[in-house]
Amino acid sequence: MLKSLLNQNAIIKSITISKRFIPSQIQIKYLKMKDINANDDNPIPITVKLRSYDHSGSRKSRNMRKYGSVPGVLYGKETDNTVFKQLISFDKKELIKELRIRGTSLENILYNVQVVDNEGSIVTNKIAIIRQIQINTITGEPFSANLLIYRPGRILALPVEFVNDDANENSKFGYLIHDINNFVNCICESNIPRKLTVDVSTLKKNGVIRAEDLILPPGVQLDKKFDPKLVLCVYKIPK
């Protein structure tokens, strides 16, 4: 089962991930919930068991949601580049727990996905990451969620957190961090960091931090198509 998302009373909009991997401002407000495992990188995939089903369609999906399941797809390319696709279902309560605990790191967690049939036998075993989660804007519950087969070198959107702004000597003059972009597209060859932390305690007045200024962990690099000049935050007095 999935290990641990959000209190059902939380106010949530949509968190569908865009094609550019950069979440919308609505997504960022939701994703800023505390990630209690933020300092623990992800070398060992978390084992989860999901159900498979055979027929797609809106009626089937409605029935699944009615009885506490969330429909989705496990998809991606195999090592021989053949396309793989399988219909799966999550336990809604377990998916909600996972969303609440992982926070901004949710889409950077490796899962050892074991898909079982109605008899409980494992029919598929893949390493994957969560993608394309959609939230029902009325109920605040997961509407659908997919899993993408993971291979080293895949582009991931790593969250960026700015810390120690209160330790900056200019904070007493009213200077604050204005975060503009909270995610950067990276390629991870080994361990996947839960987030990238930026110390802003020495940032100058009206200072700017860009993607190229990040000190990345070993084995992590910016995606070549990602703009290194992208502004992540500005240190200034609010107007």
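In the predicted model, the charged end of Arg65 sits over the ring of Phe143, at 3.7 Å from the ring centre. A second contact of this kind involves Lys205, whose charged end lies over the ring of Phe173, 5.1 Å from its centre.

Strand β6 comprises residues 142-149 and runs antiparallel to β5 (residues 122-135), to which it is joined by six bridges. Ile130 has Leu147 in β6 as its bridge partner.

These strands belong to a closed barrel of six strands in the order β1-β3-β2-β6-β5-β4, with mixed pairing. On average, neighbouring strands of this sheet are turned by 45° against each other, direction ignored. Helix α3 (residues 92-102) lies across β1 (46-52), β2, β3, β4 (111-116), β5 and β6. The helix runs at about 95° to β3.

A search of the whole structure for aromatic pairs returned one. This pair is formed by Tyr175 and Tyr235 and is tilted, with 5.7 Å centre to centre and 40° between the planes. The two residues come from distant parts of the chain, 60 residues apart: Tyr175 is in the loop between β7 (155-163) and β8 (176-179), whereas Tyr235 is in strand β13 (residues 231-236). Both Tyr175 and Tyr235 are buried.

Technical notes. Residues numbered from 1 in each chain as written. Predicted model: local features only at pLDDT ≥ 70, side-chain atom pairs only at ≥ 80, totals over all residues. Heavy atoms only, no water. Phe/Tyr/Trp six-rings, centres within 6.5 Å; stacked < 30°, edge-to-face > 60°. Helix = DSSP H or I, 4+ residues; strand = E, 2+ residues; numbered from the N terminus. Buried < 20%, exposed > 50% of the residue type's maximum accessible area, 1.4 Å probe, protein only. Lys NZ or Arg CZ within 6 Å of the ring centre and 35° of its normal. Pairing = 2+ DSSP bridges. Axes fitted to C-alpha atoms, helices over the stretch in contact; angles between N-to-C directions. Contact = heavy atoms within 4.5 Å.
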